[in-house]
Amino acid sequence: MLARKGLLPDGFLLTRLAEDQNQPNRIRSRSQRARFITKTGSCNVVHKNIMEQGRFLLDVFTTMVDLKWQHSLLIFTSAFLCSWMLFAMVWWLLAFAHGDLEPRDPDSGPGPVPCVTAIHSFTSAFLFSIEVQVTIGFGGRMVTEECPVAIIMLIIQNILGLIINAVMLGCVFMKTAQANRRAETLIFSRNAVIATRNGRPTFMFRVGDLRKSMIISATIQLQVIRRTVTAEGEVVPVCQLDIQVENPLRSNGIFLVSPLIISHTIDRGSPLYDLSAQSLATEDLEIIVILEGVVETTGITMQARTSYTPEEILWGRRFVSIITEEDARYCVDYSKFGNTVPVRMSSLSAKELDQSRGVQEGPSETQLQGWGLVRAGRGGFRRGGRTCEGSAPHPWYNQSAKQEKDLEQKGQNKKVQLEVIGRQLEEDGLGEMSD
């Protein structure tokens with residue numbers, strides 16, 4: 001679709017076709033799995049047996065904006081035609097009641113003043129109705145002072161015509177300026193990957209913006225939708241779990257100046273902790289990606305969505321680099337946007353890797369990788385301090401028992417020193433009282 005619009009080169013689609021051919025053989029179900037969010041971002045949910053259909057008429061404007069274009073144009077045209085026909089009938093009845101439609105002898109002299117000049121049939125009344133509501137004013141037909149009712153009808157038709165114009169034009173403007181139009185130029189990689197990054201299994205996908213105008217305050221959110229069973233045996237068909245995006249600042253904000261690889265570290269608190277290469281093909285889950293932000297040119301809040309099913313998650317692969325530096329500028333090659341390469345990675349899940357390395361499953365304090373809290377003056381703290389020794393990041397599972405014993409010994413030494421200092425203070429106080 002983007003190639004047809006001229007936004008992406010034709011080679012981008014060819015690259016994706018080649019990428020699909022190079023993918024390893026995966027177990028696929030014959031029947032296509034249902035998904036909540038399609039690859040284009042639309043919600044794949046059908047609402048049936050809605051008894052209270054009248055609730056949609058309570059919010060007519062939103063209902064008309066949500067309609068398809070063919071239905072909106074049909075309502076737009078019908079609203080004007082019906083209003084013109086209705087007031088044409090009113091003008092014809094006024095002329096008929098006043099006697100303006102009776103044939104007159106041109107030799108008998110001027111007759112009585114009509115309510116509306118030059119109305120001789122329903123066709124002329126219809127043309128006069130269009131002239132009044134659209135304010136064309138050809139000058140051949142006009143309202144006279146003879147009929148006060150005609151003057152009142154002229155005021156009513158003008159007011160109703162302005163209301164119809166405002167509502168119809170507002171609906172058309174809102175449909176053309178919808179936020180999802182901006183999402184057409186935000187692209188996501190067709191497949192997500194799971195590879196090792198900094199010694200940890202990491203879920204990754206790529207997102208990019210084809211326009212030069214920026215998305216202000218862009219945030220990205222990940223959710224896992226899966227079917228779960230409670231301890232009481234209740235089946236929860238839709239269980240939504242949030243996924244933390246890997247960011248040293250612990251926020252979901254991104255600066256989408258170039259295509260980015262969004263990552264999520266699969267650790268003990270991740271919903272993907274039990275996911276392995278073998279169980280991935282049979283898992284019943286869907287990872288939903290939601291990108292929100294403010295359009296720089298219009299100031300409208302937009303949202304782009306996509307999702308990844310187990311068939312679209314590649315195990316043991318990573319994305320290739322697409323950014324190069326040429327002539328003091330950064331260049332992005334979108335023909336390699338979805339390309340991946342295989343990497344060496346264990347087929348075990350993160351939980352099995354922890355168990356093989358002897359990591360305890362009890363509660364432990366979680367720390368940011370390479371980031372901590374640093375005192376920022378008078379009791380305050382700020383982020384940015386290193387919490388691990390050395391410049392190289394340590395894996396989260398590499399916690400030796402020797403370090404724990406050293407910390408316990410230091411705590412005991414501090415406790416003994418505090419008790420000795422307290423006894424000295426008590427002895428000094430008793431000596432001064434005896435003096």
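The charged end of Lys175 sits over the ring of Trp69, 5.1 Å from the ring centre; a charge sits over a ring if NZ of Lys or CZ of Arg is within 6 Å of the ring centre and within 35 degrees of the ring normal. This is a predicted model, in which local features need pLDDT of at least 70 and side-chain atom pairs count only at pLDDT 80 or more, while totals for chains, interfaces and linings use all residues. Residues are numbered from 1 along each chain as its sequence is written, and side-chain values use heavy atoms, with hydrogens and water left out.

- Lys175 belongs to helix H5, residues 148-176; helices (H or I, at least four residues) and strands (E, at least two) are DSSP runs, numbered from the N terminus.
- Lys175 is buried but has no salt bridge. Buried means under 20% relative accessible area, exposed over 50%, and partly exposed in between (1.4 Å probe, protein chains only). A salt bridge is a side-chain nitrogen of Lys or Arg within 4 Å of a carboxyl oxygen of Asp or Glu.
- For Lys175, the nearest side chain of opposite charge is that of Asp66, 7.0 Å away; Lys and Arg count as positive and Asp and Glu as negative, whereas His and the chain ends are not counted.
- The side chain of Lys175 does reach backbone oxygens: that of Leu67 at 2.5 Å, and that of Val65, which lies 3.0 Å from a polar atom of the Lys175 side chain. A polar contact is a pair of N or O atoms within 3.5 Å; within protein, one must be able to donate a hydrogen and the other to accept it, and residues adjacent in sequence count only if both atoms are side-chain atoms.
- Apart from neighbours within four places in sequence, Lys175 is in contact (heavy atoms within 4.5 Å) with Met64, Val65, Leu67, Lys68, Trp69, Ser72 and Arg181.

**Another charge over a ring**

- The charged end of Arg206 sits over the ring of Phe337, 6.0 Å from the centre of that ring.

**Aromatic pairs**

- Across the whole structure, a search finds seven aromatic pairs. Rings of Phe, Tyr and Trp (its six-membered ring) pair if their centres lie within 6.5 Å; planes under 30 degrees apart count as stacked, over 60 as edge-to-face and the rest as tilted.
- One of these pairs is Phe80 with Trp84, whose ring centres are 6.0 Å apart and whose planes are at 45 degrees, so the pair is tilted.
- Both Phe80 and Trp84 lie in helix H3 (residues 69-98), four residues apart, about one turn of the helix.
- Phe80 is buried at a relative accessible area of 13%, and Trp84 is buried at 16%.
- Trp92 and Phe96 form a stacked aromatic pair, with 5.6 Å from centre to centre and 10 degrees between the planes.
- Trp92 and Phe96 are also both in helix H3, four residues apart, about one turn of the helix.
- Trp92 is partly exposed, at a relative accessible area of 27%, and Phe96 is exposed, at 54%.
- Phe76, Phe80 and Trp84 make up one aromatic cluster.

**Salt bridges**

- Side chains of opposite charge can pair when their charged atoms come close.
- A search of the whole structure finds six salt bridges.
- Glu312 and Arg35 meet through their side chains in a salt bridge (2.9 Å, N to O). This pair links distant parts of the chain, 277 residues apart: Glu312 is in the loop between strand E8 (301-308) and strand E9 (313-315), and Arg35 is in the loop between helix H1 (10-22) and helix H2 (60-66).
- Glu312 counts as buried at 14% relative accessibility, and Arg35 counts as buried at 13%.
- Arg35, Lys39 and Glu312 are linked in a network of salt bridges.
- Glu131 and Arg141 form a salt bridge between their side chains (3.4 Å, N to O). Here Glu131 is in helix H4 (residues 122-134) and Arg141 in the loop between H4 and H5, 10 residues apart.
- Glu131 counts as buried at 10% relative accessibility, while Arg141 counts as partly exposed at 22%.
- The side chains of Glu52 and Arg55 also meet in a salt bridge (2.3 Å, N to O). Glu52 is partly exposed, with a relative accessible area of 46%, and Arg55 is exposed, with 57%.
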